[in-house]
Amino acid sequence: MTVSASTRVLTLLGDPVSHSASPEILNAAFAEAGVDGVYVAVRCGADDLVGFMRGLARAGGGGNITLPHKEKAASLVDVRSDSVRRTGACNTFWGDENGRVHGDNTDVDGFRRALNIFLEGSPKGIRVLLLGAGGAARAALLGLLDEGVGEVLLYNRTQERARAVARRIGGPTVRVVPVLRELEGEDFDLVVNATRLGLEPGDPSPLDFEKLHRAGAAMDLVYGREATSFVRAAEAAGIRSTDGLEMLVQQAAASFERWWGRPPSVDAMRAAIEERARV
Ligand code: NDP
């Protein structure tokens, strides 16, 4: 693709951003679709966020927001999607012809799509254990509820945070578990890890699967070059598992749709991840 004066600029705004796979994934999708856009990562402090977002959106561009700015971004956009309102987090923005900045949280759609692919069918009615209470857990909880799961048990190291998430997003089907011990002997169709454990090579698994009576499947939102500690623990216990790479691709695909009004080639995005892993 040739970059010209009419090329749309889409950016990843966050701090840090140097580890991100999004530029490779999204530029591969842009090239495959033949759209006139370029995607770059910009390290950005909290004070600069509003300037970047407004300036880029008004210039016809947009982008993604990552740690630690997703909540702040939700408060800055003019038009909030349902996912932004319900999670209080925004990871995708773009402008309209009236100069307004739109925000969405495509982590929710990305999680839902990855979940359906992983389970090879609908998660309706299933019993889920969700670990974590940060931004990723909020997106996952909203996604699980919108998919119509039967019950969600929510556990987080800091109990008050889990209660706050349950208050904001939950309902009668969400129950906070105060201590891990209470999960002993429990039976789940699915366990989701939305903590950040597994991001660092020496991290332990957030859960000892042997303590549960049964876990049908295990889905990690964390991803890395090697198998995550959660995926390794699930595999050792003979439980079908996946890491967060498919969700990463799917949330990027949903962002592409917001910017360009049509779906990208998900295969081109997956190929970009494989290429990155080889380098
Ligand atoms: P946050 O910082 O918002 O939340 C971190 C979570 O991890 C909290 O629940 C925190 O618990 C928990 N945690 C941190 N350290 C520990 C520990 N030592 N033991 C137990 N729990 C711990 O991060 P996010 O929610 O934004 O991200 C979480 C993970 O999800 C990251 O690895 C991120 O890369 C991944 N992610 C993946 C996406 C994808 O597309 N695949 C999309 C978004 C995120 P506490 O409240 O007690 O501190």
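In this predicted model, an N or O atom in the side chain of T158 lies 2.5 Å from an oxygen atom of the ligand, a pair that falls under the rule for a polar contact (N or O atoms within 3.5 Å; within protein, one must be able to donate a hydrogen and the other to accept it, and residues adjacent in sequence count only if both atoms are side-chain atoms).

| Residue | Protein atom | Distance to an oxygen atom of the ligand |
|---|---|---|
| T158 | side-chain N or O | 2.5 Å |
| A133 | polar backbone atom | 2.9 Å |
| G135 | backbone N or O | 3.1 Å |

Around the ligand there are 24 residues, of which A136, N156, R157, T158 and R161 come nearest; a residue is counted here if one of its heavy atoms lies within 4 Å of the molecule.

Residues are numbered from 1 along each chain as its sequence is written, and side-chain values use heavy atoms, with hydrogens and water left out. Because the model is predicted, local features need pLDDT of at least 70 and side-chain atom pairs count only at pLDDT 80 or more, whereas totals for chains, interfaces and linings use all residues.

The chain is assigned two domains, domain 1 covering 8-104 + 246-278 and domain 2 covering 108-243, with bounds that come from an automatic or database domain assignment. Taken over C-alpha atoms, the centres of domain 1 and domain 2 are 25 Å apart. The size of an interface is often given as the accessible area lost when the parts come together. For domain 1 and domain 2 this buried area (accessible area, 1.4 Å probe, that two parts lose on being put together, summed over both) is about 1500 Å², with 53% of it on carbon and sulfur atoms. R86, T87 and M247 supply 41% of the area that domain 1 buries against domain 2, more than any other three residues.

In terms of contact (heavy atoms within 4.5 Å), 18 residues of domain 1 meet 17 residues of domain 2. Eight residue pairs, both members at pLDDT 80 or more, are in polar contact across this interface. On the side of domain 1 that touches domain 2, α4 (82-87), α9 (245-260) and α10 (266-278) each supply at least two residues, and α9 gives the most, with nine residues; helices (H or I, at least four residues) and strands (E, at least two) are DSSP runs, numbered from the N terminus.

Between domain 1 and domain 2 there are four salt bridges, each being a side-chain nitrogen of Lys or Arg within 4 Å of a carboxyl oxygen of Asp or Glu. The side chains of D109 and R258 also form a salt bridge, with an N to O distance of 2.9 Å. The structure as a whole holds 26 salt bridges, including one between R276 and E24, whose closest N and O atoms are 3.1 Å apart. Since R276 belongs to helix α10 and E24 to helix α1 (residues 22-33), this pair ties together parts that are 252 residues apart in sequence.

Some backbone features remain to be described. Most residues other than glycine have a negative phi, and most peptide bonds are trans. The peptide bond from D15 to P16 is cis, with omega near 5 degrees, and P16 lies in the loop between β1 (8-14) and α1. The bond from L67 to P68 is likewise cis, with omega near -5 degrees, and P68 sits in the loop between β3 (62-65) and α3 (70-76).
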